[in-house]
Amino acid sequence: METMTYRSNPGVDPHLDVWEMQIPIYLFLGGLAAGILVISAVAGLTKSKSWDRTLAAWGSLAAILMLSFGMLALFLDR
């Protein structure tokens, strides 16, 4: 008895579109910016050393820049 397979049928195994690099870059930078904002918020809310305030300010600026580059990558996606 011969085994019959339908693995080449496009209805069974449809072609899946694969993301280009723009989408993973956008997702990575968005997650990184979110993490930096959380760390910056914790550093800004603590009442200790002055470098905590500096970290909060620079972290917020870095997060905005990362989100901007991520949105640029998303814009460049087809």
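Is Met66 buried or exposed, and what is its relative accessible area? Met66 is buried, with a relative accessible area of 18%; here buried means under 20%, exposed over 50%, and partly exposed in between, with a 1.4 Å probe and protein chains only. The views below come from a predicted model, in which local features need pLDDT of at least 70, side-chain atom pairs count only at pLDDT 80 or more, and totals for chains, interfaces and linings use all residues. Residues are numbered from 1 along each chain as its sequence is written, and side-chain values use heavy atoms, with hydrogens and water left out.

**View 1. The whole protein.** The protein has 2 helices and 0 strands, taken as DSSP runs numbered from the N terminus (helices are H or I with at least four residues, strands are E with at least two). Of its 78 residues, 18% are buried. Its accessible surface is about 6,600 Å², and 72% of that belongs to carbon and sulfur atoms; areas come from the Shrake-Rupley method with a 1.4 Å probe, and for residues only the protein chains shown count as cover.

**View 2. Met66 and its neighbours.** Met66 sits in helix α2. Leu29, Leu32, Ala33 and Ile36 are touched by Met66, leaving aside residues up to four places away in sequence; a contact means heavy atoms within 4.5 Å. Met66 and Ile36 are 30 residues apart along the chain, with 9.9 Å between their C-alpha atoms.

**View 3. Ser40 in helix α1.** Helix α1 covers residues 22–45. Its 24 residues reach 34 Å from first C-alpha to last, close to the 34 Å expected at 1.5 Å a residue; the expected span is 1.5 Å times one less than the number of residues. Ser40 is buried, at a relative accessible area of 5%. Leaving aside residues up to four places away in sequence, Ser40 touches Leu55, Ala56, Gly59 and Ser60. The buried residues of α1 also include Leu29 and Ala33.

**View 4. A nonpolar patch on the surface.** Trp58, Leu61, Leu65, Phe69, Leu72, Phe75 and Leu76 form this patch, with about 830 Å² of accessible area together. Phe75 belongs to helix α2, residues 50–76, and is exposed, with a relative accessible area of 68%.

**View 5. Glu20 and Arg78.** Glu20 is in the segment before α1 and is partly exposed, at 31% relative accessible area. Glu20 and Arg78 are 58 residues apart in sequence, yet 9.1 Å apart in space, C-alpha to C-alpha.

Note on methods: Patches are made of residues with over 30% relative accessible area and no salt bridge: like charges are joined within 9 Å, nonpolar side chains (Val, Leu, Ile, Met, Phe, Trp, Tyr) within 5 Å. A salt bridge is a side-chain nitrogen of Lys or Arg within 4 Å of a carboxyl oxygen of Asp or Glu.
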